[in-house]
Amino acid sequence: MVLTLILALCFILAILLMLYSAVALVQDKRLFGSAPKDIVDAIHPKEERFKGARFLGWILVILSMFILVAVVVIGIWDGVRQGYGFWQFFWRCLAVLYIYKAFDLVFLDWVLLQKTRFFQRYYPETEGCEGYHSYGFNKKSQITKIILFPFISALIAWLCTFI
C-alpha cells in the first residue's frame with residue numbers, strides 16, 4: 001500500500017511538472033486542451049521567456065511522460081515480483097487513478113485555476129475570463145474518466161496477470 005501511495009504521488013508530481021512546463025516554458029496553447037475554452041481563446045502567442053525556454057519546457061514535458069511510464073512499469077514490476085493477482089493489480093491501479101483524479105479536481109481545477117493567479121501570471125490577457133469562475137467547466141470529461149477508471153484498471157489488471 002505504501003508503494004501505491006508513492007506511485008500516486010509520483011504520478012501527481014509528473015502531471016504538475018508537465019503543467020508547469022507547458023504553461024510557463026513551452027507556452028503553446030495547443031497544450032491547454034483541458035482548460036476552459038474562453039481562456040484558451042484569449043491566449044496570445046508569446047515570445048520565449050528566456051533563450052531556450054521552449055526547448056527546456058519540451059525536455060521537461062518529455063521527462064514527465066517518462067515519469068508517468070515509470071510509475072506504470074514500477075507498479076507492474078512490483079506486483080509481479082510480489083505475486084499479485086488480478087484484484088491486487090486492479091486495486092493498485094484504481095487507487096493511483098482515483099488519488100490523481102481527486103488531486104485534479106481539488107487542486108488543479110479548483111485551487112490552481114480558481115483560487116490562485118497562476119495562469120494569469122503567464123497569460124495576463126486572460127484576466128477576467130469566465131473560465132476562472134466556472135468550477136465544473138469540464139464536468140462531462142471528469143465524470144467520464146471517473147466512470148472509466150474501474151474498466152481501465154480491470155483491463156490493466158487482466159493484462160498484468162499474463163506477465
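This is a predicted model: local features need pLDDT of at least 70, side-chain atom pairs count only at pLDDT 80 or more; totals for chains, interfaces and linings use all residues.

Reader: Ok, how many helices and strands does the protein have?
Author: There are 6 helices and 0 strands, counted as DSSP runs numbered from the N terminus (helices are H or I, at least four residues; strands are E, at least two).

Reader: And how much of the protein is buried?
Author: Of its 163 residues, 39% count as buried; that label means under 20% relative accessible area, with exposed over 50% and partly exposed in between (1.4 Å probe, protein chains only).

Reader: What box do the C-alpha atoms fill?
Author: Roughly 55 × 35 × 25 Å, taken along the principal axes.

Reader: Switching to helix 1 and helix 4, at what angle do they pack?
Author: About 40 degrees, with the axes of helix 1 (residues 2-26) and helix 4 9 Å apart. Axes here are lines fitted to C-alpha atoms, for helices over the stretch in contact, and angles run from 0 to 180 degrees between N-to-C directions. The pair is therefore oblique: under 35 degrees counts as roughly parallel, over 145 as roughly antiparallel, 65 to 115 as roughly perpendicular and the rest as oblique.

Reader: Which residues make the contact?
Author: From helix 1 they include L3, L7, F11 and I15, and from helix 4 they include R92, V96, I99 and F103. Contact means heavy atoms within 4.5 Å.

Reader: Now helix 6. Where does it bend?
Author: At L148, by about 40 degrees, and the proline P150 follows within four residues. The bend is the angle between axes fitted to the seven residues ending there and the seven starting there.

Reader: Which residues of helix 6 are buried, and what covers them?
Author: The buried ones are Q142, F149, S153, A157 and C160. Their cover includes helix 3 (53-81) and helix 4 (86-115).

Reader: Last one: S64, buried or exposed?
Author: S64 is buried, at a relative accessible area of 0%. S64 lies in helix 3 and touches A14, L17 and M18, leaving aside residues up to four places away in sequence.

Terms used
Residues are numbered from 1 along each chain as its sequence is written. Side-chain values use heavy atoms; hydrogens and water are left out.
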